[in-house]
Amino acid sequence: MEQSADMSVCELDDTGLMTTMDATPPNFVFARDKTISTEDFNNFKEEIKSMITTLWKEKRQEIISIPATLKEIQQSTLKIENSMLLLTAQHEELSKKIIELEDKSKKERDYIILLEEKIENLQMGTRKSNLEIKNVPRGPSETKDDLVQMVLCLSSAIGGTLTKTDIKDVYRVRGKKKESSNTPIVVETASTLIKTDILKLCKAFNTTRTYKLCAKHLGHRVAGDTPIFVSEQLTAKGARLHFLARDLVKAGKYKFCWTAYGRVYIRKSENSPIITIKSEAQVQQLFNSD
């Protein structure tokens with residue numbers, strides 16, 4: 001769109017005064033040449049064609065490579081599936097073996113428990129007529145005859161009629177440490193009845209007198225006031241269970257705890273049922289129970 005602008009020009013007239021003249025500036029308008037030659041058009045067309053051809057070749061190569069890539073993916077997927085199937089089969093096989101091993105281990109544990117019970121019963125059978133005298137001071141040159149005399153003195157002190165022929169064997173248990181002096185004395189009697197009678201007489205002696213059994217009742221003149229304790233000889237397991245069962249009495253959960261023929265028993269009251277202690281786990285359950 002063409003526009004013209006009028007401009008006022010100030011000049012001096014003959015009188016020296018300024019006068020205003022209208023002046024129009026020149027109009028600079030150029031015509032655009034829109035003519036395109038055939039050669040330029042053909043060049044442009046060839047250039048576009050070349051670009052499309054090049055682009056098509058690139059895309060064609062990409063399209064051609066897609067099936068190969070898909071095939072590789074399918075092969076990889078197939079390998080993964082085969083590996084998963086193999087791992088699943090191995091896992092199932094291992095699970096079966098673990099179950100078999102657990103069953104075998106359980107059977108072996110049950111068998112071990114059975115063997116331990118048999119060994120325990122055998123040990124109790126060999127000790128059913130044995131006594132154990134604890135906390136007896138050791139003499140300077142103690143012999144087996146000295147131990148026999150101690151047992152006979154004890155029998156006389158409690159009112160028993162034990163003779164030397166009623167004693168099959170007597171010995172002092174060796175201590176784990178060399179300085180151990182008051183280790184238990186084991187007395188093997190001729191029968192369980194003799195052992196039971198001696199235990200009853202010892203219990204009656206301690207309950208009917210103000211003073212308890214001590215070393216002087218064994219004929220000791222030195223350290224004669226040392227208290228002694230007479231009980232049946234227990235196995236290692238029985239001694240452990242007896243120790244734990246006495247804690248039940250100390251805790252006030254049960255009133256009585258005693259041993260008979262190698263076994264440990266507890267009772268809440270005179271009229272309550274007698275409980276046989278067979279394992280440490282049982283003692284723990286009794287502790288946790290009301």
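Begin by selecting Leu241: beyond its close neighbours in sequence, up to four places away, this residue touches Val264, Ile277, Lys278, Ser279 and Glu280. The model on the screen is a predicted one. Leu241 is found in helix α4. Its relative accessibility is 5%, so Leu241 counts as buried, the limit for that word being under 20%.

**From Leu241 to helix α5**

Leu241 and Gln282 are separated by 41 residues in sequence, and their C-alpha atoms are 9.7 Å apart in space. Gln282 belongs to helix α5, residues 280-288, where the buried residues are Gln282, Val283 and Leu286. Turn the view until it runs down the axis of α5: the buried residues fall within an arc of 100°, and therefore they line one face of the helix.

What do the buried residues of α5 pack against? Display α4 (236-250), β8 (263-267) and β9 (275-277), for these are the elements that they meet. Then look at the face of α5 turned away from the buried side, which carries the exposed residues Gln285 and Asn288.

**The open sheet**

Next, select strands β3, β4, β5 and β6. They form an open sheet of 4 strands in the order β4-β5-β3-β6, and the pairing is antiparallel. Which strands stand at the edges? They are β4 (167-172) and β6 (229-232), each of which pairs on one side only. From one strand to the next, the twist averages 20°. In general, strands of a sheet pair through backbone hydrogen bonds, either parallel or antiparallel.

Focus now on β4 and β5 (residues 185-189), antiparallel strands that are joined by 5 bridges.

Helix α2, residues 144-158, lies across β3 (130-134), β4, β5 and β6, and runs at about 115° to β4. Helix α3, residues 192-208, lies across β3, β5 and β6, and its direction makes an angle of about 145° with β6.

How many salt bridges does a search of the whole structure find? The search finds 8. As a general principle, side chains of opposite charge can pair when their charged atoms come close.

- Select Glu93 and Lys97, whose side chains meet in a salt bridge with an N to O distance of 3.7 Å. Both residues lie in helix α1 (residues 38-126), 4 residues apart, which is about one turn of the helix. Glu93 is partly exposed at 44% relative accessibility, and Lys97 is partly exposed at 43%.
- Select Glu132 and Lys134, which form a salt bridge whose closest N and O atoms are 3.7 Å apart. Is Glu132 buried or exposed? At 13% relative accessibility, Glu132 counts as buried, whereas Lys134 is partly exposed, with a relative accessible area of 35%.
- Select Glu270 and Lys255, where the side chains meet in a salt bridge at 3.4 Å, N to O. This pair links distant parts of the chain, 15 residues apart: Glu270 is in the loop between β8 and β9, and Lys255 is in the loop between α4 and β7 (256-260). Glu270 counts as partly exposed at 46% relative accessibility, and Lys255 is partly exposed with a relative accessible area of 48%.

Methods. Residues numbered from 1 in each chain as written. Predicted model: local features only at pLDDT ≥ 70, side-chain atom pairs only at ≥ 80, totals over all residues. Heavy atoms only, no water. Buried < 20%, exposed > 50% of the residue type's maximum accessible area, 1.4 Å probe, protein only. Helix = DSSP H or I, 4+ residues; strand = E, 2+ residues; numbered from the N terminus. Arc of directions from axis to C-beta. Contact = heavy atoms within 4.5 Å. Pairing = 2+ DSSP bridges. Axes fitted to C-alpha atoms, helices over the stretch in contact; angles between N-to-C directions. Salt bridge = Lys/Arg side-chain N within 4 Å of Asp/Glu carboxyl O.
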